[in-house]
Amino acid sequence: MSYFKAINLVKRPSGGPITNDLFEVVSKEIPKLSQGEFLVKQNHLSLDPAMFGWMSPDTNSYIPPVALGDVMRSSGIGEVVESKHPDFKVGDRVTGLMGWQEYYLTDGQGMNKVEAPLPDEAILSIFALPGITATQGLFNIGKPKAGETIIITGAAGSVGSLVGQLAKADGLTVIGVVGTDEKADWIVNELGFDAAINYKSDNLAAQLEEIAPQGFDLYFENTGGPIQNLIIDRMNAHGRVIVCGMIADYSKAEPSPGPNWINVVKRRLTIQGFTMPDHFAEVPALLAKLTPYVTSGKIKYRAHVLEGLESSIDGLNLFFTGENKGKLIVKL
Ligand SMILES: NC(=O)c1ccc[n+]([C@@H]2O[C@H](COP(=O)([O-])OP(=O)(O)OC[C@H]3O[C@@H](n4cnc5c(N)ncnc54)[C@H](OP(=O)(O)O)[C@@H]3O)[C@@H](O)[C@H]2O)c1
């Protein structure tokens, strides 16, 4: 009889760092397949800030929370190792919401085959959640035009770094907000952003004025935090604010107050939040939009790979400290 490891959520976070007591590591028997099922050996799983929402008790969100006692939810990539399913054969590479576990038994619902001959890290960093999120938010919500100026928070992150490169490729002036000088250097000198601001430095209002006296037409919001008010103050008429995430608030018991709506009126701003589960049916179209930018060499990425299933737990804290350099991935 063979066993594998899984991690269940057993307690909900109540603000502050993610700790081991929220989870239990369990050993499970490798299940027997019924007709129409297949078994996946997961090789890499993706850590995403969305997990903070999935761990919370909030049922009034875009997806139900993970039930206490259930395997922690996550997406990942793996290989079919046994199959009684007509459409999936042994050796197929697949992605899907397989959770924090080494093996996953499925009837194929929500699973997608990966045909591209790219490493797992590239698939998870570009063609999985970060890429479809960047593409949906920038193009379908932001509707960017060449010559406009975009500011992106969380700009060295998985989503932000892709948004900036896509916008640059389409002729926008691209400003990134990051939390370290190393990340500022990376997005400007490696990814080709026009400028970067470290939100942990002083005189942010003066820096925004100096870097972009023309103001901002688009604001791709990944983080929230005090710079949000300063950016909203500098939005141009008919500007678009694409609200993708608010990581500065995910570990807080109480969310921060948002900017006053007066500028929304004066500048006739459109502010739109979005979450990708609403757009899963559009994934083929989003990938068709994204792929040419990748194949023409306009998109770079960096993956931050942790080793072993248990590293997922403490790994989540890297999102808060900003110590993740690129897409956070766990190698199983
Ligand atoms: N709407 C959707 O469907 C969807 C899908 C995917 C992701 N998202 C959201 O998009 C955002 C980015 O996700 P990601 O996967 O690309 O993560 P990421 O940007 O790779 O990692 C998170 C980064 O956020 C920054 N950060 C942490 N605390 C902060 C704070 N208090 N103020 C400002 N920045 C802070 C850190 O970078 P620094 O070192 O620069 O501080 C950290 O590296 C998240 O808010 C996530 O929830 C939304």
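Modeller: Happy to; what follows is a set of questions and answers on a predicted model.

Biologist: Let's begin with H9. What span does H9 reach from its first C-alpha to its last?
Modeller: H9 covers residues 283-295, which makes 13 residues. At 1.5 Å a residue the expected span is 18 Å, and the model is close to that value. From first C-alpha to last, H9 reaches 18 Å.

Biologist: At which residue of H9 does a kink lie?
Modeller: H9 contains a proline, Pro292. Shortly before that proline there is a kink of about 25 degrees. The residue at the kink is Lys289.

Biologist: Which helices do the buried residues of H9 pack against?
Modeller: The buried set in H9 is Val283, Leu286, Leu290, Tyr293 and Val294. In an α-helix, residues three or four places apart point the same way, because there are 3.6 residues a turn. The partners of this buried set are helix H2 (120-127), helix H3 (129-142) and helix H4 (158-169).

Biologist: Nice, that leads us to H2. How are H2 and H3 oriented to each other?
Modeller: Their axes are 3 Å apart, and the packing angle is about 25 degrees. Angles under 35 degrees count as roughly parallel. H2 and H3 are therefore roughly parallel.

Biologist: And how many of the residues in the contact of H2 with H3 are charged?
Modeller: From H2 come Leu124, Ser125, Ile126 and Phe127, and these meet Pro130, Gly131 and Ile132 in H3. The contact residues include five nonpolar and two polar ones.

Biologist: How many of the eight residues of H2 are buried?
Modeller: The buried ones are Asp120, Ala122, Ile123, Leu124, Ser125, Ile126 and Phe127. H2 is largely enclosed by the rest of the structure, because the buried count is seven of eight.

Biologist: Now H4, please. Which residue with a positive phi follows H4?
Modeller: H4 has 12 residues and reaches 17 Å, close to the expected 16 Å. H4 is mostly covered, with 10 of its 12 residues buried, including Ser158, Gly160 and Gln165. The residue after H4, with phi near 85 degrees, is Gly171.

Biologist: Let's move to strand E8. Is Ile151 buried or exposed?
Modeller: Ile151 lies in strand E8 and touches residues including Ile175, Leu208, Phe220 and Ile231. With a relative accessible area of 0%, Ile151 is buried.

Biologist: What is the relative accessible area of Thr149?
Modeller: Thr149 also belongs to E8, which spans residues 149-153. Among the residues it touches are Thr173, Gln214, Phe216 and Leu218. Thr149 is buried, and its relative accessible area is 2%.

Biologist: Last one: is Asn203 buried or exposed?
Modeller: Asn203 sits in the loop between strand E10 (195-198) and helix H6 (204-211). Its phi is positive, near 50 degrees, in a residue other than glycine. Over 50% relative accessible area counts as exposed, so at 59% Asn203 is exposed.

Note on methods. Residues numbered from 1 in each chain as written. Predicted model: local features only at pLDDT ≥ 70, side-chain atom pairs only at ≥ 80, totals over all residues. Heavy atoms only, no water. Helix = DSSP H or I, 4+ residues; strand = E, 2+ residues; numbered from the N terminus. Expected span 1.5 Å × (residues − 1). Bend = angle between axes of the 7 residues up to and from the residue. Buried < 20%, exposed > 50% of the residue type's maximum accessible area, 1.4 Å probe, protein only. Contact = heavy atoms within 4.5 Å. Axes fitted to C-alpha atoms, helices over the stretch in contact; angles between N-to-C directions. Parallel < 35°, antiparallel > 145°, perpendicular 65-115°, else oblique. Nonpolar A, V, L, I, M, F, W, Y, C, P; charged D, E, K, R; others polar.
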